[in-house]
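Dear colleague,

Please find below the structure that I am handing over to you. My notes on it follow directly after it.

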Amino acid sequence: MFDFDLPLERRGTWSTRWERYPGDVIPLWVADTDFCAPPAVLAALSRRLAHGVLGYSVPPAELRAALIERLQRLYGWRVAPDWVVFVSGVVPGLHLAARHLLRPDQHILVPTPVYHHLKRAAVLAGREHAEVPLVLSSGRWVFDEDRLQDALRPHSRLLMLCNPQNPGGTIFTRAELTRLAGFAEKHDLLICSDEIHADILLDQGKPHVPIASVSREASRRTVTLISPNKAFGFPGAGCAFAIIEDAELRRAFSADHHATVHDPSVFGYEASLAAYRDCGDWLVAQLAYLRGNRDLVEREVAAMPGLKMAHVEATYLAWIDASGLGVPDPQQYFLERGVALSPGAQFGAPGFVRLNFGTQRALLAKALERMKNSSAQKST
Ligand SMILES: Cc1ncc(COP(=O)(O)O)c(C=O)c1O
């Protein structure tokens, strides 16, 4: 019904991913997909364009209601309408959290490897931070309680979380999140949880659990950042939500609103509402396609000398340990051989590369073939 194999030309469309590397390079770096957005999203945007007026707009009450209904239905998480703050993206939300939820002399815990903005938010906010290395346990990247404890300082106030984990691909379990929330409670830490990948679940039977939903206490100390833009293929339209129960935290988080931080655009509102209301079938179909891509990547990488990766439970990102390749800069090595990956250093692990498999399978297979030849060259 939906054709994810359809090749689409993205060069010349201002695509971040496709414009950076000219020539015969397959770009599998920045995290967007090469698929058309769902038909219902495109139809909603077309209706808005046909109306013709693109004036200032307020957050639509029906979008707030659709979001709340969805959180209740998927996670049994009851969110009151006034807990929802509309933001133009999850990244601004991360930066607002680091700037406004804690005092300048307080400290942030940042897991690594992690999507670079979780750390960047702390750095640009001028807050001290400590990195908490995740560990690979039974093939999953997870928190280690001793390392969390070691990273803790007397002035620690905020714990950053990325769930599902980018780049590790972990879907944290309810038990893991309950323990993490218990740690936060014990040490009076707030939690900023980036859950943008919550809808990109590849392993069936492993549900996403919002950390704020594990207990009343977790809800009171958490800012949850979510957005349909990643899963439903419209990150260029931009729209996200911060869910904050505590009124004081909400007020602090919102300090820059309508000043340095703009509201989402009318296109973001339209796309989000259509995604939540009308795109369930499309999402299921996309996940089935991505699961096939994930399986292909895992199979191929397992056969490449010098490379290894953990199983990807969620996201369309593969976190590949290339340290066995014996090259100083694996991202550069593959780039010179026609595949642009994200450098692991960006996430805090220079021996790694991150591969975005949100693309047509034929193109992915071609990129993997190039990688296989490159790694075989190195091992001979
Ligand atoms: C974990 C994570 N958070 C946030 C973002 C970007 O969020 P936004 O486009 O809503 O600012 C990304 C994009 O790759 C991401 O992987």
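Two strands are taken to pair if DSSP finds at least two bridges between them, and helices (H or I, at least four residues) and strands (E, at least two) are DSSP runs, numbered from the N terminus. This is a predicted model, in which local features need pLDDT of at least 70 and side-chain atom pairs count only at pLDDT 80 or more, while totals for chains, interfaces and linings use all residues. Residues are numbered from 1 along each chain as its sequence is written.

In the order 11-12-15-14, 4 strands form an open sheet with antiparallel pairing. Strand 11 and strand 14 (342-343) each have a single partner strand and stand at the edges, so one side of each lacks a neighbour in the sheet. Between strand 11 and strand 12 there are 2 bridges, in the antiparallel sense, and Met 309 has Ile 320 of strand 12 opposite. Helix 11 (residues 280-302) packs on this sheet and touches strand 11, strand 12 and strand 15 (352-356). Contact here means that the C-beta atoms of two residues, placed from the backbone, lie within 7 Å. The direction of helix 11 makes about 10 degrees with that of strand 12; axes are lines fitted to C-alpha atoms, for helices over the stretch in contact, and angles run from 0 to 180 degrees between N-to-C directions.

Next, the domains. The assignment gives domain 1 (16-30 + 280-379) and domain 2 (46-278), with bounds that come from an automatic or database domain assignment. Taken over C-alpha atoms, the centres of domain 1 and domain 2 are 26 Å apart. In the interface, 21 residues of domain 1 are in contact with 26 residues of domain 2. On the side of domain 1 that touches domain 2, helix 11, strand 12 and strand 15 are the elements that give two or more residues. Helix 11 provides the largest share of that side, 5 residues. By class, the side of domain 1 that touches domain 2 has 12 nonpolar, 5 polar and 4 charged residues. For these classes, Ala, Val, Leu, Ile, Met, Phe, Trp, Tyr, Cys and Pro count as nonpolar, Asp, Glu, Lys and Arg as charged, and the others, Gly among them, as polar.

The ligand has 13 residues around it, of which Ala 31, Gly 89, Val 90, Val 91 and Tyr 115 come nearest; a residue is near a molecule or strand if its C-beta atom, placed from the backbone, lies within 6 Å of it. The shell around the ligand consists of 8 nonpolar, 4 polar and 1 charged residues.

Strand 10 (residues 240-244) deserves a note of its own. Because 5 of the 5 residues of strand 10 are buried, this strand is largely enclosed by the rest of the structure. A residue is buried if 20 or more other C-beta atoms lie within 10 Å of its own, exposed if 12 or fewer, and partly exposed in between, with C-beta atoms placed from the backbone. Ala 240, Ala 242 and Ile 244 point one way from strand 10, and Phe 241 and Ile 243 point the other way. Strand 10 pairs with strand 2 (residues 84-87) in the antiparallel sense over 4 bridges, and Val 87 has Ala 240 as its bridge partner. Strand 9 (residues 222-226) also runs antiparallel to strand 10, joined by 4 bridges, with Val 223 opposite Ile 244.

Several backbone features may also be of interest to you. The peptide bond between Thr 112 and Pro 113 is cis, with omega about 0 degrees; Pro 113 lies in the loop between strand 3 (107-112) and helix 5 (116-124). A further cis peptide bond runs from Asn 163 to Pro 164, with omega near -5 degrees, and Pro 164 is placed in the loop between strand 7 (156-162) and helix 7 (174-186).

Positive phi values occur in Trp 14, near 70 degrees, and in Thr 315, near 80 degrees. Trp 14 belongs to the segment before helix 1 (16-19) and is exposed, with 9 other C-beta atoms within 10 Å. Thr 315 sits in the loop between strand 11 (308-309) and strand 12 (317-321) and is buried, with 31 other C-beta atoms within 10 Å.

Yours sincerely
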